[in-house]
Amino acid sequence: MTVPRKSEPRVSDQIPEPPEVAHEVFTGDAWSMAETFAGLLAGPGVVRGLLGPREVSRIWDRHLLNCAVVAEAVPADVRLVDIGSGAGLPGLVLAIVRPDIQVTLLEPLLRRTVFLQECVDTLKLGNVEVLRGRAEEFAGKRVFDVASARAVAPLDRLLKWSLPLLREDGELLALKGERAAEELADAEEQLRTSGVRTAELVSVGHGKVEPPATLIRVVAGRTSGEVRQGARRKERVSRAKRARGQ
């Protein structure tokens with residue numbers, strides 16, 4: 001007689017119980033959506049390679065909560081683009097905890113956009129759109145108040161992709177780890193030539209995640225192209241004045 005083998009536990013069954021603080025961060029309707037999204041990440045998200053199997057045990061603290069606290073730095077009633085959204089971290093989580101904002105999940109890979117759209121439909125999120133493509137493809141075509149990004153690229157490259165999508169005084173919120181200060185220093189030249197207004201480190205999630213999440217917040221000025229055009233105009237005016245003997 002052959003003894004049937006026990007079936008392997010489903011990955012989604014390995015999701016840990018959410019910590020108490022999760023109830024403080026995800027309130028009202030956001031709580032059930034967060035639980036559903038956790039299951040989508042641990043199930044289809046893992047199967048399709050959007051999240052590593054080892055990350056399932058850390059879905060709440062490392063992923064959902066770590067992304068949700070970014071909302072502390074997001075102004076009210078803004079249009080936010082999540083660059084390289086991947087599995088929807090942090091963009092989809094921000095849409096869950098902040099129904100006042102309009103979120104665009106920007107992702108170039110088809111299999112990821114399919115997963116993101118399935119999540120949006122399942123969660124019935126009316127404040128989210130999924131857009132397939134690269135950030136540079138939408139420069140000059142779409143304008144946002146805030147850009148978010150997590151584990152997409154070093155800051156110098158992220159600036160090239162995000163700033164053309166932001167209005168003047170718009171903000172880039174890049175969720176970074178322990179190398180945040182180093183990345184900020186390495187991008188000094190890029191920040192200067194891009195005409196940004198300010199660039200700083202911001203800590204969010206105190207008392208909710210440990211350690212608190214570190215953001216690099218960059219406030220956009222004029223684009224680098226506008227800066228160069230302005231400099232050329234000033235030079236032309238100066239030459240004209242010199243020619244007239246002024």
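Predicted model: local features only at pLDDT ≥ 70, side-chain atom pairs only at ≥ 80, totals over all residues.
1. Packing of α2 and α5. Helix α2 spans residues 29-47 and helix α5 spans residues 110-123; their axes lie 11 Å apart, at an angle of about 150°. Since angles over 145 degrees count as roughly antiparallel, α2 is roughly antiparallel to α5. The crossing of the two helices is right-handed.

2. Residues in the α2/α5 contact. On the α2 side the contact is made by M33, T36, F37, L40, L41, P44 and G45, and on the α5 side by F115, C119, T122 and L123. Sorted by class, eight of these residues are nonpolar and three are polar, while none is charged. One of the α5 residues in this contact, C119, has a relative accessibility of 1% and therefore counts as buried.

3. Cysteines. The structure has zero disulfides. C67 has a relative accessibility of 0%, so C67 is classed as buried. C119 is also buried, at 1%. The cut-off behind both assignments is under 20% relative accessible area.

4. Residue G84. Where does G84 sit? G84 lies in the loop that runs between β1 (79-83) and α4 (91-97). Its relative accessibility is 26%, so G84 counts as partly exposed. Apart from neighbours within four places in sequence, the residues in contact with G84 are L106, E107 and V152. The C-alpha atoms of G84 and S148 are 9.1 Å apart in space, although 64 residues separate the two in sequence.

5. Residue E55. The loop between α2 and α3 (59-68) contains E55. Is E55 buried or exposed? With a relative accessibility of 16%, E55 counts as buried, because the class takes in values under 20%. Once neighbours within four places in sequence are left aside, E55 is in contact with R62 and H63. E55 and A42 are 13 residues apart in sequence, with a C-alpha to C-alpha distance of 8.4 Å.

6. Points to check in the viewer. For the helix pair, look at the right-handed crossing and at the contact without charged residues. For the cysteines, look at C67, which is buried at 0%, and at C119, where α5 meets α2.

Key. Residues numbered from 1 in each chain as written. Heavy atoms only, no water. Axes fitted to C-alpha atoms, helices over the stretch in contact; angles between N-to-C directions. Helix = DSSP H or I, 4+ residues; strand = E, 2+ residues; numbered from the N terminus. Parallel < 35°, antiparallel > 145°, perpendicular 65-115°, else oblique. Left-handed = near helix turned anticlockwise from the far one by under 90°. Contact = heavy atoms within 4.5 Å. Nonpolar A, V, L, I, M, F, W, Y, C, P; charged D, E, K, R; others polar. Buried < 20%, exposed > 50% of the residue type's maximum accessible area, 1.4 Å probe, protein only. Disulfide = S-S within 2.5 Å.
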